[in-house]
Amino acid sequence: MTQNEKSIPVIIVGGGQAGLSMSWYLCREKVEHIVFEAKTACHAWDDERWDNFCLVTPNWQCDLPGHPYKGKDPHGFMVKQEIIDYVKGFMNSFTPPLREHTAVTSITRHEGGGYRVVAGGEMWHAKHVVIASGAYQDAVIPGYASAIDPTIHQVHSQDYRNAAQLPKGAVLVVGSGQSGAQIVEDLFLEKRKVHLCVGSAPRVSRFYRGRDVVDWLADMHFYDLTVDNHPLRDGARDKTNHYVTGRNGGHDLDLRLFAKKGVGLHGTLETIRDEVAHFAPDLKENLDDADKTNADIKKSIDAYIAREGISAPTEVPYVPVWEPDGSNIPLDLKAAGITSIIWCIGFRPDYRWINVPVFNGANKPVWHRGVTDAPGFYFLGLPWLHTWGSGRFSGVSRDAAWLASQITGKNVPVA
């Protein structure tokens, strides 16, 4: 060890719900550790969500360690402040050894075994390191965005708060995943003219045959399906989440219905050049594919109901309420009155500060249940780390308990 280097058995990088879940188990097992957080604990729920944000999964799925949802509306959907209160309640349920405003800037192998971690300018040595910093560090905005007329206001979804923050005029939303579809509704309800670039994101109904679709899928053990048993295997991690909403009690987000009510739908955005947006000719294909995914989920529920002999109301098949006319006309932003663009095309992880051989040729971390080939080096809180819930309130506790077992060498039961 070098002079002034501190030593501790376990270092956790990231003070969100994943890192704090890991800390909860290590505290219970009396394992000395420290949690480094570059900003403040669980800041993303407050700093990177719009005002009308709410969960798309029912409250009963919120199950952080020792802190299950205990409110009066288990089948409802917590709004932004309720989510913040829930997470803060979890943080206050124990005393994590948390260091906020302490960014980890380097992790390398240590000559004495384990890892050297530089955090807040200090040097640490740890036998075990858990990366719980998430997969959403760098907001994706295309390079050509810098060439767009600066009078057109641009914002990424993580910085969107409400319609009032945007200049008056129409809005172009790029990306139809969960954030894009929900932001379109948020703007539409504020009576803003909206254009949406529709990508390949799938959709799912909120309710079907008398219950929330999530309830049906839970009974069908879908959320217990591991990535190893998923038909796409590791490819499940690259799939876009289904768009749906929990707003006002929850309902479908049918982009065709938005179009029927005046939202302009376009295919995948290819580029914006001289303030003219050009689209791929895939609008119909993307809408049809999203509907097919939804129909396939319903068919699986139908099969389960029939197989188990469950009494449930029937529903008529979905009939599209709007069809594109087949044209693929570029959109002149100024002529359409567009004064704002909201980029809802996701994030890239930033692991440039990790100099440990745990990445593949595409610079993606490689693990099994969060355990890498580098002894004592783990990932936690990523989508499909082990199951669908790994990156959510519903499954991170199970993953954290598993990693605690790897660190302690004994079985650590899930709280």
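**Rings and fold of a predicted chain**

Me: How does Tyr144 count at 22% relative accessibility: buried, partly exposed or exposed?
Reply: Tyr144 has a relative accessibility of 22%, and buried means under 20% relative accessible area, exposed over 50% and partly exposed in between (1.4 Å probe, protein chains only). This is a predicted model, in which local features need pLDDT of at least 70 and side-chain atom pairs count only at pLDDT 80 or more, while totals for chains, interfaces and linings use all residues. Residues are numbered from 1 along each chain as its sequence is written, and side-chain values use heavy atoms, with hydrogens and water left out. At its 22%, Tyr144 therefore counts as partly exposed.

Me: How many aromatic pairs does the chain have, and of what kind is the pair of Phe90 and Phe94?
Reply: Rings of Phe, Tyr and Trp (its six-membered ring) pair if their centres lie within 6.5 Å; planes under 30 degrees apart count as stacked, over 60 as edge-to-face and the rest as tilted. The count by this rule is 17 aromatic pairs. In the pair of Phe90 and Phe94, the centres are 5.5 Å apart and the planes are at 45°, which makes the pair tilted.

Me: Are Phe90 and Phe94 buried or exposed?
Reply: Phe90 has 0% relative accessibility and so falls under the limit for buried residues. Phe94 has 14% relative accessibility, so Phe94 too counts as buried.

Me: How many residues apart are Tyr144 and Trp343, whose rings pair?
Reply: The ring centres of Tyr144 and Trp343 lie 6.2 Å apart with the planes at 65°, so the pair is edge-to-face. Trp343, at 0% relative accessibility, counts as buried. Tyr144 sits in the loop between strand E9 (138-139) and strand E10 (153-156), whereas Trp343 belongs to strand E19 (residues 338-343), so that the pair links distant parts of the chain, 199 residues apart.

Me: How many helices and strands does the chain have, and what is its radius of gyration?
Reply: Helices (H or I, at least four residues) and strands (E, at least two) are DSSP runs, numbered from the N terminus; here they come to eight helices and 22 strands. The globule rule, 2.2 Å times the number of residues to the power 0.38, is set against a radius of gyration taken over C-alpha atoms. For 415 residues the rule gives 22 Å, and the chain is as compact as a globular protein of that length because its own value is close to this, at 23 Å.

Me: What share of the residues of the chain counts as buried?
Reply: The C-alpha trace spans about 70 × 60 × 40 Å along its principal axes. Of the 415 residues in the chain, the share that counts as buried is 52%.
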